[in-house]
Amino acid sequence: MSEIMVTTSEITAANRRDHRLARLAWDRMGHKVAPGLYRLGNPTPSSPVFVTGNYSLSFDALRSALTGMDTHIMVLDTKGINVWCAAGKGTFGTEEVIERIEETGLKDAVQQRTIILPQLGASGVNAHEVRRRSGFKVEYGPVLASDIGEYMKSHEATPEMRRIRFPLKDRMALVPVEIVNYLKFWLPAALLALLFGGLFGILAVLIVVAFGLILFPILLPYLPTRQFSSKGLILGALGGMLFVLLQLQYGGMGLDLQGLIVAAAEVLLMAPPVAYFALNFTGSSPIASRTGVRREIFRYIPMFVIMMALGVVMAVISALVPFGGSL
Amino acid sequence: MNLLQVTDEPVALEVVANEMNTLRYYPQRCINCGMCTKVCPHGVFAPNGAKVKVADHTGCIECGACRMNCPVAAIEVDSGVGCAAAMIRAALTGKEPTCGPDCRGI
Ligand code: SF4
Ligand code: SF4
């Protein structure tokens, strides 16, 4: 039986710094707390036991939601991954719950026999099996730790508390991570663009990044169509058109036949990368099914490739063929 | 949503399935414990008298929480790694999708 550790509800400046770094994808596996049993406040053997993963943001969200309460917290070893993703992988799972109960000596540390898990851990945990094998009843609390105070009044979550939402605040929080993670795509692209396309080249890359990695997450619920890829294509085409407009205005581009072919090539080249970022954003969202994502991959990736090939062909034509009169 | 017949049981088993995802619900097995209505983060199941019903199959994201916690195997769903990045990698390499270093989950 391992020792019971001590924690508080306080979120310190160091915690905040850790959260900021995590949200910038800095040292992504490094935001961990030690798995095991913690005391928060002055819990008695009949105080509630909350369970979470050892990603520091999950642990901190829970303990800060427990302000003013006396509880135990059992932290599972989810390898520094948040509860939702860890449950999907099974590291926030039935076996780990049962083993952690054993390892921490929870049976002797507390008298009551209920553990409260976050609802989003349920895809990794079979509550009936945990009870059968460990003697502890699993209760699923609300989706958000911040609803725990309300939940504890009746141990019943309202349907509202059971729904996973994807509000603007959450979507915005993903933007820095997305930008940092795709650095390996857009930084070389930006350098190449600068070399071969000058300032307008780099502008094209910046528009793709801004539309795909910043505007898309923000506008997600407002874009027409249901699938992420088609939403992305629409937004990407708008980005391409914006680029064309800027060139007409400031780049000396004309609306002759050659200009139109260049414009079409640019839209065809810029929409697919934006849509690709959009398709990938399904993985960061809690609103896409894998069947749906698989369908999108097989339907849209070939379409992206064809569009871009067409764009390249048109760009080459516009550069090689000498165009005469205007339309 | 349509009703299909499954023949692996002595009595034909009613199943509620749909075209959009892999969620399958066998109402005859349901003992109305209410677990699925609690764990589903998208309100797919709803109470309906003596057995739950699928209230909104379009919301299902195949997370598997309902299947995992149904005590009588009244629900089936193919859950697993559903990240586009992982699935594209899997499609290219011919392997099973696994979470990789490019995971952006936070
Ligand atoms: S798989 Fe997940 S989203 Fe789908 S019905 Fe079950 S709990 Fe709900
Ligand atoms: S978890 Fe299974 S048995 Fe319980 S209500 Fe849902 S379908 Fe019925």
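The lining of the second largest pocket divides into 20 nonpolar, six polar and one charged residue; here Ala, Val, Leu, Ile, Met, Phe, Trp, Tyr, Cys and Pro count as nonpolar, Asp, Glu, Lys and Arg as charged, and the others, Gly among them, as polar. Keep in mind that this is a predicted model, where local features need pLDDT of at least 70, side-chain atom pairs count only at pLDDT 80 or more, and totals for chains, interfaces and linings use all residues. Residues are numbered from 1 along each chain as its sequence is written, and chains are lettered from A and ligands numbered from 1 in the order in which they are written.

So what is a pocket here? On a 1 Å grid over the protein atoms alone, a pocket is an open set of points with protein on both sides within 12 Å along at least five of seven lines, a cavity is a set where a 1.4 Å probe fits but cannot get out, and lining residues have an atom within 4 Å of a point.

This pocket holds about 860 Å³ of space. Closest to its centre, out of 27 lining residues, are Gly201(A), Ala204(A), Val205(A), Leu269(A) and Met270(A). Helix 10 of chain A gives the most to the lining, 12 residues.

Now over to ligand 1. The shell around ligand 1 has 11 nonpolar residues, one polar and one charged. Of these 13 residues, Cys40(B), Cys60(B), Cys63(B), Gly64(B) and Cys66(B) come nearest, with "around" meaning a heavy atom within 4 Å. Cys40(B) counts as buried because its relative accessibility is 11%, and Cys63(B) does so at 18%; buried means under 20% relative accessible area, with a 1.4 Å probe and protein chains only.

Definitions and conventions
Heavy atoms only, no water. Buried < 20%, exposed > 50% of the residue type's maximum accessible area, 1.4 Å probe, protein only. Points joined across faces, edges and corners; volume = space filled by probe spheres on them. Helix = DSSP H or I, 4+ residues; strand = E, 2+ residues; numbered from the N terminus.
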